[in-house]
Amino acid sequence: MKKIDPIHPDVARTLDGLFSERVRRSPAAPAYRWCDESGTWHGNTWHEMQSLVVRCRTALEREGLARGDRVAIMLRNSVHWV
């Protein structure tokens, strides 16, 4: 696997910026792996994770939330927490 150079804080600036820079640098690289109840391993690339993040962001934007509004999220432990 190709080594990825560390992302400097001045480039990332925020947690969202760090995530976006990682996606930009290596979209096809493995990002997360997890095991389901049957013992089967699954994984997502950085690009796939970005797609999940965009989908959630879009859904929240459609709710008409204002800056400072609070949202509760009820999920089992999963890759969707990203």
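# A tour from helix α2 to helix α3

The buried residues of α2 pack against α1 and α3. Start there. Bear in mind that this is a predicted model.

**Stop 1: helix α2.** Select residues 15-25, the span of α2. Which of its residues are buried? Pick Gly17, Phe19, Glu21 and Val23. Those four are buried in α2.

Ser20 is partly exposed, because its relative accessible area is 34%, which falls between the 20% limit for buried and the 50% limit for exposed.

Move on to Arg25, another residue of α2. Arg25 counts as partly exposed, at 28% relative accessibility. Show its contacts. Setting aside neighbours within four places in sequence, Arg25 is in contact with Ile4, Asp5, Pro6 and Ile7. Arg25 and Trp81 lie 56 residues apart in sequence, and their C-alpha atoms are 22 Å apart in space.

Stop 2: Step back to Arg13. This residue lies in the loop between α1 (9-12) and α2. Is Arg13 buried or exposed? Its relative accessibility is 75%, so Arg13 counts as exposed.

**Stop 3: helix α3.** Select residues 46-61. Helix α3 has 16 residues. From first C-alpha to last, α3 reaches 22 Å, close to the 22 Å expected at 1.5 Å a residue.

Colour Trp46, Met49 and Leu52. These are the buried residues of α3. Look down the helix axis. The buried residues fall within an arc of 120°, so they line one face of α3. An α-helix has 3.6 residues a turn, so residues three or four places apart point the same way.

What does that buried set pack against? The buried residues of α3 pack against α2 (15-25), β1 (30-35) and β2 (41-45).

Turn to the other side of α3. Arg55 and Glu61 are exposed there. Click Glu61, which belongs to α3. Glu61 is exposed because its relative accessible area is 57%, above the 50% cut-off. Then draw a line from Glu61 to Arg22. The two are 39 residues apart along the chain, and 24 Å separates their C-alpha atoms.

**Stop 4: where α2 meets α3.** Show both helices together. How do their axes cross? The axes of α2 and α3 come within 9 Å and cross at roughly 140°. That angle makes α2 oblique to α3. The crossing of the two helices is left-handed.

From α2, select Asp16, Phe19, Arg22 and Val23. From α3, select Trp46, His47, Met49, Gln50, Val53 and Arg57. These two groups meet. Phe19 and Val23 are among the buried residues of α2. Trp46 and Met49 are among the buried residues of α3.

**Stop 5: strand β2.** Select Asn44, which lies in β2. Is Asn44 buried or exposed? Asn44 is buried, because its relative accessible area is 12%, under the 20% limit. Which residues does Asn44 touch? Leaving out residues up to four places away in sequence, Asn44 touches Ala29, Pro30, Ala31, Tyr32, Trp34, Met49, Leu52 and Val79. Met49 and Leu52 on that list are among the buried residues of α3.

**Stop 6: past α3.** Finish with Asp69, in the segment after α3. Asp69 counts as partly exposed, at 44% relative accessibility. Asp69 and Ser26 are 43 residues apart in sequence, and their C-alpha atoms are 33 Å apart in space.

Methods
Residues are numbered from 1 along each chain as its sequence is written. This is a predicted model: local features need pLDDT of at least 70, side-chain atom pairs count only at pLDDT 80 or more; totals for chains, interfaces and linings use all residues. Side-chain values use heavy atoms; hydrogens and water are left out. The expected span of a helix is 1.5 Å times one less than its number of residues. Buried means under 20% relative accessible area, exposed over 50%, partly exposed in between (1.4 Å probe, protein chains only). The arc is that of the directions from the helix axis to the C-beta atoms. Contact means heavy atoms within 4.5 Å. Axes are lines fitted to C-alpha atoms, for helices over the stretch in contact, and angles run from 0 to 180 degrees between N-to-C directions. Angles under 35 degrees count as roughly parallel, over 145 as roughly antiparallel, 65 to 115 as roughly perpendicular and the rest as oblique. A crossing is left-handed if the near helix is turned anticlockwise from the far one by less than a right angle, and right-handed if clockwise.
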